[in-house]
Amino acid sequence: MPPSASVPPADSLFRDIAGRVFAIWALLLFVTTLPIAFLFYIPCFWLKEPAKARWHRIVSKIWMGGFLTLIGCPLKIHGKNNYVFGKPYIVLCNHNSLMDVPVSTPFLPRANKTIAKKSFTRIPVFGWIYSFGSVLVDRRSEESRRKSFDDMKSMLTIGLDMLIYPEGTRNTTDQPLATFYSGAFRLAEATGNDLLPVLLFHTRTILPPGKFFYCWPHRIEMHILPAEPVVGKNAGQLKEILFNRMSDYYSSHH
């Protein structure tokens, strides 16, 4: 006799329980290693850019490399040869999970800043670490948005990449990508810096949207695609080109 529709299958129930156990392990590991990692971030209070971003990336890469391994989420990077050192990139990354930021920021080939919500800086200790690696913006403030745009241009000028999640927030749809905002493409048009598409796979499996306090171990893949030249294209054209490229690639590799 088939099980009642109101009773979840045994494998589903086991996965839900196991996912909560893994979440406890991941949270305990994060909380216990955070104060240790913070000691190594302290120089960021005094370092100037771009030295601050470079030091922040070194510490983050060591910390997150160990953390991801210990929670059963090893990272593999594909397409490193598509990253050409020279002029800084505006890096575009898809956004499926809270896991995306601690994966993308430390493991991109060059030190970078990400555009980030100012509200996250209110979190004790973590907020400082978060701010060291970010250009902060209060999206409710027109003045803050203008300043963040100028700050991003400055970061590119001094040799740092700018990491932007063009979907703006986590994609909770059933589509490969959510609709892109225009900010990254206006920045590219204004500065002439090429756009570098990067796609993360399986972070949604690790931290699924809609599941409270749940973590499932799974490998993570970062795919670095060939850069998109900006010359001769306006922001609208760039947005359409990059959306189609990233969406098609994600669909064919997911």
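Reply: Happy to! Ile-24 lies in helix H1. Please keep in mind that this is a predicted model.

Me: Why is Phe-213 called partly exposed?

Reply: Its relative accessible area is 34%.

Me: Where does His-202 lie, and why is it called buried?

Reply: His-202 is in the loop between strand E6 (195-201) and helix H7 (203-206). Its relative accessible area is 16%, and buried means under 20%, so the label follows.

Me: What kind of peptide bond joins Glu-49 and Pro-50, and how do you know?

Reply: The bond is cis, with omega at about 5°. In general, most peptide bonds are trans. Pro-50 is found in the loop between helix H1 (10-41) and helix H2 (51-70).

Me: How do you know whether the overall size agrees with a compact globule?

Reply: A compact globule of 254 residues would have a radius of gyration near 18 Å, and the chain has 19 Å, so the two agree. Along its principal axes, the C-alpha trace spans about 65 × 40 × 40 Å. The chain holds 8 helices and 7 strands, and 43% of its residues count as buried.

Me: How much of the contact pattern joins residues at least 24 apart?

Reply: Taking contacts between residues at least 6 apart in sequence, 72% join residues at least 24 apart.

Me: Which residues have the most contacts inside the largest nonpolar core?

Reply: Leu-68, Ile-71, Val-198 and Met-222 do, in a core of 35 residues. H1, H2, strand E2 (90-93), helix H3 (100-107), helix H4 (126-132), E6 and E7 each supply at least two of its residues. H1 gives the largest share, 7 residues. Setting aside neighbours within four places in sequence, Val-198 touches residues including Val-91, Leu-92, Met-222 and Met-246. A second, separate core of 30 residues includes Val-135, Ala-184, Leu-187 and Phe-201.

Me: What makes H3 count as mostly covered?

Reply: In H3, 6 of its 8 residues are buried. They are Asp-100, Val-103, Ser-104, Thr-105, Pro-106 and Phe-107.

Me: Why is Thr-121 called partly exposed?

Reply: Thr-121 has a relative accessible area of 26%. Thr-121 belongs to the loop between strand E3 (112-117) and H4. Leaving out neighbours within four places in sequence, Thr-121 is in contact with Gly-127, Tyr-130, Ser-131 and Leu-136. The C-alpha atoms of Thr-121 and Leu-136 are separated by 8.9 Å, while contact is judged on heavy atoms within 4.5 Å.

Me: Why does Lys-239 get the label partly exposed?

Reply: Lys-239 has a relative accessible area of 26%, and the label applies because this falls between the 20% and 50% cut-offs. Lys-239 is in helix H8 (residues 235-253). Beyond its neighbours within four places in sequence, Lys-239 contacts Phe-180, Tyr-181, Ser-182 and Phe-185.

Me: How many positive and negative side chains does the chain have?

Reply: There are 29 positive and 18 negative side chains, and the centres of the two sets lie 6 Å apart. As for the accessible surface, it comes to about 13,300 Å², with 63% belonging to carbon and sulfur atoms.

Note on methods. Residues numbered from 1 in each chain as written. Predicted model: local features only at pLDDT ≥ 70, side-chain atom pairs only at ≥ 80, totals over all residues. Heavy atoms only, no water. Helix = DSSP H or I, 4+ residues; strand = E, 2+ residues; numbered from the N terminus. Rg over C-alpha atoms; globule rule 2.2 N^0.38 Å. Buried < 20%, exposed > 50% of the residue type's maximum accessible area, 1.4 Å probe, protein only. Areas by Shrake-Rupley, 256 points an atom, 1.4 Å probe, with all protein chains shown as cover. Lys, Arg positive; Asp, Glu negative; His and termini not counted. Charge placed at Lys NZ, Arg CZ, Asp CG, Glu CD. Core = buried A, V, L, I, M, F, W, Y, C linked by side-chain atoms within 4.5 Å.
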